[in-house]
Amino acid sequence: MTCTNCGTENKPGRKFCASCGVALSVSCPACGAANEPTDRFCGECGTPLATSVAPDERAAPVAERRLVSVLFMDLVGFTAASESRDAEDVRDLLSRYFDVARTVVGRYGGTIEKFIGDAVMAVWGTPITREDDAERAVRSALELVAAIPALGAEAGVDGLAARAGVATGETAVTLDAEGQGMVAGDIVNTASRVQSAAPPGGVFVTDATRHATDAAIAYEEAGPHELKGKSEPLTLHHALRVVALRGGQLRSTGLESPFVGRERELRLVKELFHASADQRRTHLMAATGVAGIGKSRLGWEFAKYVDGLADDVYWHRGRCIAYGEGVTYWALAEMVRGRAGIAEEEVPASAAEKLSDMVARFVGDMEERRWIEGRLAQLLGLEDRVTASRDDLFAAWRRFVERIAQRGPVVLVFEDLQWADPELLDFIEHLLDWSRDQPIFLLGLARPEIVDRRTGWGTGRRGVTSLFLEPLDDATMEALLHGMVPGLPEAVGREIRERSEGIPLYAVETVRMLWTEACFAETGTGSNRRVPSRTSTYPKRFTR
């Protein structure tokens with residue numbers, strides 16, 4: 001048999017050419033008859049045939065210039081730690097480290113380009129380009145370096161840490177490449193050198209990366225650095241924390257405190273959320289603590305985290321209020337209004353139209369749509385008459401949440417549940433009991449008084465995890481204050497800590513009030529402030 005591609009004579013019965021690998025005959029998918037490789041239609045039945053492509057005729061990889069962000073990260077102290085450990089233990093630790101890196105990078109929409117020893121290289125901007133790729137890369141870097149100490153503690157490696165560098169710029173990208181070889185150019189070398197300059201547990205970025213991300217990321221200057229392979233020093237910036245939603249949305253315009261002392265609690269909330277999403281299980285995290293202990297801050301940190309994820313998450317938030325008319329399901333109604341884009345004081349006709357459009361987006365069946373829409377209208381007070389029983393209302397509201405969950409994970413955050421009407425708590429328990437196989441994650445934030453309304457809240461029920469937030473210790477409170485006001489006099493900080501008794505909100509609000517009352521004097525531009533060295537300088541209500 002003669003190959004039509006290279007002319008080689010092949011033995012009878014061969015299906016592929018021994019020299020070039022091209023098919024010597026093509027079987028008809030309809031009748032099975034053998035046809036020449038160049039035939040476009042079957043000679044027996046006329047069915048169109050798929051033509052083979054010679055190896056040398058296949059399309060070459062396509063490269064183009066793209067704006068990308070490259071992340072480099074490696075472990076600090078790993079080489080020394082591995083010398084005294086069993087080889088299998090070292091391999092197990094590296095495997096878990098790579099799994100964490102792969103998971104975190106994937107959640108933020110990045111792609112692992114390669115693993116080199118204990119180093120990880122990831123890229124954003126290819127194959128999919130997003131306008132916030134640089135921000136996603138920095139968020140991922142912060143998440144990764146924060147996760148490594150806990151990983152080391154689990155493996156019995158004390159002091160294990162990571163450092164990371166992120167560089168952003170144009171480079172050559174191979175569009176159809178998978179894994180190694182996607183990105184090439186100076187940006188890769190730059191990211192590696194930036195990472196080597198970062199301290200353990202730190203994330204350094206270039207000028208371009210900071211300019212693209214500083215609306216949502218807090219930075220401090222790291223100064224110029226002489227980097228290997230660079231003719232001139234590069235000015236680097238130390239990424240500290242995420243302070244807003246993507247693109248800087250909802251960023252505080254005032255003095256924001258660092259998030260300290262609740263890292264383990266936040267990590268638990270994240271893990272439970274992802275378990276709910278991955279396993280399609282409804283779950284409630286019941287977080288309880290006294291006023292000012294940090295429940296709302298925990299919810300805010302979780303909101304910023306979810307907002308940065310690449311996959312769609314349907315976020316809802318509602319606050320329970322202590323008194324007023326029609327407050328029984330206020331928090332749930334607030335969630336529905338937020339999903340539909342309905343303002344609190346919107347006229348009924350406009351609100352009803354928006355509600356109808358919103359329900360239509362998630363519910364396909366017309367009969368079910370009318371049923372759900374009518375019950376949601378009652379929830380929002382758009383219908384004067386109560387036409388359905390409580391069980392019917394609960395079923396419709398639950399079904400609506402489930403229909404959203406079919407699109408992606410759903411988060412319902414209930415704040416101030418200590419003010420919740422017992423019927424709202426009944427609905428939450430109804431959701432847990434009936435929506436068992438749905439990716440619905442509920443975060444309930446409440447003061448301890450909630451047990452007066454519902455005995456045993458957060459305990460003794462399937463799909464519920466309880467968390468009690470304790471006061472912060474003195475060292476953590478000190479870190480909180482100095483994170484807000486570097487150089488705070490020891491006497492002032494000690495007095496604020498003593499009066500706060502481990503309640504972070506009290507300390508934060510005290511500092512903010514002193515800030516706004518000009519007890520902190522300007523000393524130039526920016527956020528540098530000079531604080532009084534004696535407590536007598538403060539208003540009397542803070543010193544008596």
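The model is predicted: local features need pLDDT of at least 70, side-chain atom pairs count only at pLDDT 80 or more, and totals for chains, interfaces and linings use all residues. Residues are numbered from 1 along each chain as its sequence is written, and side-chain values use heavy atoms, with hydrogens and water left out.

## Exercise on a salt bridge within a helix

Task: state in which helix aspartate 92 and arginine 96 lie, and how many residues apart they are.

Solution. To begin, the side chains of aspartate 92 and arginine 96 form a salt bridge, with 3.9 Å from N to O; the term requires a side-chain nitrogen of Lys or Arg within 4 Å of a carboxyl oxygen of Asp or Glu. Next, both residues are located in helix H2 (residues 87-107), four residues apart, about one turn of the helix. Helices (H or I, at least four residues) and strands (E, at least two) are DSSP runs, numbered from the N terminus. Finally, aspartate 92 has 41% relative accessibility and therefore counts as partly exposed.

## Exercise on a salt bridge between loops

Task: determine which parts of the chain are tied together by aspartate 437 and arginine 281.

Solution. To begin, the closest N and O atoms of the salt bridge between aspartate 437 and arginine 281 are 3.1 Å apart. Next, aspartate 437 belongs to the loop between helix H12 (422-434) and strand S14 (440-446), and arginine 281 to the loop between helix H6 (263-279) and strand S11 (283-288), so the pair ties together parts 156 residues apart in sequence. Finally, aspartate 437 is partly exposed at a relative accessible area of 49%, and arginine 281 is partly exposed at 41% relative accessibility.

Task: decide whether glutamate 402 and arginine 398 are buried or exposed.

Solution. To begin, glutamate 402 and arginine 398 are joined by a salt bridge whose closest N and O atoms are 3.2 Å apart. Next, helix H11 (residues 390-405) holds both, four residues apart. Then, the accessibility rule places both glutamate 402 and arginine 398 among the buried residues. Elsewhere, shared partners link Arg390, Asp426, Glu429, Asp433, Arg454 and Arg461 into one network of salt bridges. The count for the model comes to 37 salt bridges.

## Exercise on the largest pocket

Task: identify the element from which the largest share of the lining of the largest pocket comes.

Solution. The volume of the largest pocket is about 1,300 Å³, a volume being the space filled by probe spheres set on the points. Next, 38 residues line the largest pocket, and the closest to its centre are Leu142, Glu143, Ala146, Ala147 and Lys270. The elements giving two or more residues to this lining are H2, helix H3 (133-155), strand S10 (234-242), H6 and helix H7 (295-308). Finally, H3 supplies the largest share, ten residues.

Lysine 270 is part of helix H6 and counts as buried at 13% relative accessibility.

## Exercise on the largest cavity

Task: find which element gives the most to the lining of the largest cavity.

Solution. To begin, the count is one cavity of 30 Å³ or more, and the space in the largest cavity is about 90 Å³. Next, its lining includes His316, Trp397 and Phe400. Finally, H11 gives the most, with four residues.

## Exercise on an aromatic pair

Task: classify the pair formed by the rings of phenylalanine 362 and phenylalanine 400.

Solution. To begin, phenylalanine 362 is buried, as is phenylalanine 400. Rings of Phe, Tyr and Trp (its six-membered ring) pair if their centres lie within 6.5 Å; planes under 30 degrees apart count as stacked, over 60 as edge-to-face and the rest as tilted. Phenylalanine 273, in another pair, is buried with a relative accessible area of 2%. Finally, the ring centres of phenylalanine 362 and phenylalanine 400 are 6.3 Å apart and their planes are at 90°, so the pair is edge-to-face. Phenylalanine 362 lies in helix H9 (residues 348-362) and phenylalanine 400 in helix H11, so the pair ties together parts 38 residues apart in sequence.

Key
Buried < 20%, exposed > 50% of the residue type's maximum accessible area, 1.4 Å probe, protein only. 1 Å grid on protein atoms, 1.4 Å probe; cavity = no way out; pocket = protein on both sides within 12 Å on 5 of 7 lines; lining within 4 Å.
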